[in-house]
Amino acid sequence: MNELAITVIGRDRPGIVADVAEVLARLGANLTDSTMTRLRGHFAMTLICVGPAAAEVEAALAPLAADGQLLATVRAVTPDGAAASAGEPYVMAVHGADRMGIVAAITRVLADVGGNVTDLSTRLAGSLYVVVAEVDLPPGVADDLVDRLDRAAAELGVEVSLRPADPDLL
């Protein structure tokens, strides 16, 4: 069996998830990890599945993209196995007036201490910009990171919070 990374993007409409999932099920592909969302009227899906060769899945998804409304890509990936994260899970939230560079500045602070963003979403509601991220941090860096995030947030004119994640909720 092959491990595949599949992306589907395009104008949102009812039934995209069902259409893609049905194609994969008919091929005997097992969907193992996925994220799907709607972004300003556009649908975006990224998933990992185990199943037939990439070319076979790509051919089976082609009719869904035939009208030009969706773009589907399939790529074989190397399985990572079930390696546990060596980091400590945290949740970071940022909110404030929208401005260019918020995600770039905040994620740079995280990366500089060895933090890894494992999930991130943003929303613009009027002039309010909100970022929520799940991050894995190296042991013992959280206190220093809070100070660094506070300085970056002050420069950006936003508020930031960092709290340990409840593993039962992730």
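Predicted model: local features only at pLDDT ≥ 70, side-chain atom pairs only at ≥ 80, totals over all residues.
The buried set consists of Ala142, Leu145, Leu149, Ala152, Ala153 and Leu156. These residues lie on the same side of α4, because they cover an arc of only 100 degrees around the axis. The face turned away from that buried side carries exposed residues, namely Asp143, Arg151, Ala154 and Glu155.

The length of α4 was also checked. The helix comprises 15 residues, 142-156. At 1.5 Å a residue, α4 should therefore span 21 Å. The end C-alpha atoms are 20 Å apart, which agrees with that expectation. Just after α4 comes Gly157, with a positive phi of about 75 degrees.

Another part of the model is an open sheet. Four strands form this sheet, in the order β2-β3-β1-β4, and their pairing is antiparallel. The edges are β2 (30-39) and β4 (70-76), each of which pairs on one side only. On average, neighbouring strands of the sheet are turned by 10 degrees against each other, direction ignored.

Within the sheet, β1 (residues 2-11) and β3 (residues 42-51) run antiparallel and are joined by 10 bridges. Leu4 stands opposite Cys49 in β3. Two helices accompany these strands. Helix α1 (residues 16-27) lies across β1, β2, β3 and β4 and runs at about 15 degrees to β3. Helix α2 (residues 54-65) packs on the sheet, where α2 touches β1 and β4. The direction of α2 makes about 175 degrees with that of β4.

Definitions and conventions
Residues numbered from 1 in each chain as written. Heavy atoms only, no water. Expected span 1.5 Å × (residues − 1). Buried < 20%, exposed > 50% of the residue type's maximum accessible area, 1.4 Å probe, protein only. Arc of directions from axis to C-beta. Pairing = 2+ DSSP bridges. Axes fitted to C-alpha atoms, helices over the stretch in contact; angles between N-to-C directions. Contact = heavy atoms within 4.5 Å.
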